[in-house]
Amino acid sequence: MAGASTVSLPELRSLLTSGRARLFDVRSREEAAAGTIPGAVNIPVSELESALQMEPAAFQALYRAEKPKQEDENLVFFCQMGKRGFQATQLARRLGYTGYGKVWLLAGK
């Protein structure tokens with residue numbers, strides 16, 4: 001998608017193996033319940049803006065994960081086809097999640 005930094009599956013594997021990426025599945029809860037990438041945090045794109053503005057304790061309680069920090073590197077948003085992942089990537093950037101690395105969109109399946 002135009003204007004989005006993308007990460008390929010081999011690059012993602014490398015980032016995950018080294019512990020240098022955080023995955024966010026922005027599909028609906030029902031879609032994610034049917035299967036997702038292990039370790040991904042499911043935050044439906046419709047909730048993402050409020051989630052990224054929550055206090056860390058509230059985020060932890062609701063999503064059972066540490067809230068990402070704006071300076072975190074390699075935040076990776078994904079969905080099924082790419083549209084919601086792209087929306088999530090753009091939203092995170094607008095909210096200041098640019099860090100010293102990149103906010104990524106997972107390319108392909």
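Student: Which residue does the UniProt annotation "active site" cover?

Tutor: Cys79, according to the unreviewed UniProt entry. UniProt positions follow the numbering used here, feature names are shortened, and annotations may be inferred rather than shown by experiment. This is a predicted model: local features need pLDDT of at least 70, side-chain atom pairs count only at pLDDT 80 or more, and totals for chains, interfaces and linings use all residues. Residues are numbered from 1 along each chain as its sequence is written, and side-chain values use heavy atoms, with hydrogens and water left out.

Student: Where is Cys79 found?

Tutor: In the loop between strand 4 and helix 5 (83–94). Helices (H or I, at least four residues) and strands (E, at least two) are DSSP runs, numbered from the N terminus.

Student: Is Cys79 buried or exposed?

Tutor: Buried, because its relative accessibility is 14%. Buried means under 20% relative accessible area, exposed over 50%, and partly exposed in between, using a 1.4 Å probe on protein chains only.

Student: What is Cys79 in contact with, leaving aside neighbours within four places in sequence?

Tutor: Val26, Arg27, Arg84 and Gly85. Contact means heavy atoms within 4.5 Å.

Student: Two arginines there. What does the side chain of Arg27 meet in a salt bridge?

Tutor: Asp25, at 2.7 Å, N to O. Both residues are buried. A salt bridge is a side-chain nitrogen of Lys or Arg within 4 Å of a carboxyl oxygen of Asp or Glu.

Student: And which side chain does Arg84 meet?

Tutor: Glu31, also in a salt bridge, 2.7 Å from N to O. Arg84 lies in helix 5 and Glu31 in helix 2 (residues 29–33), so the pair ties together parts that are 53 residues apart in sequence. Arg84 is partly exposed at 24% relative accessible area. Glu31 counts as partly exposed, with 24% relative accessibility.

Student: How many salt bridges does the structure hold?

Tutor: The count is 5. One of them joins Lys69 and Glu66, with the closest N and O atoms 2.6 Å apart. Lys69 is partly exposed at 36%. Glu66 is partly exposed at 47%.

Student: Switching to strands. Which way do the residues of strand 4 point?

Tutor: Leu75 and Phe77 point one way from strand 4 (residues 75–78), Val76 and Phe78 the other. All are buried.

Student: In what sense do strand 2 and strand 4 pair?

Tutor: Parallel, over 4 bridges, with strand 2 spanning residues 22–25. Two strands pair if DSSP finds at least two bridges between them.

Student: What stands opposite Phe77?

Tutor: Phe24.
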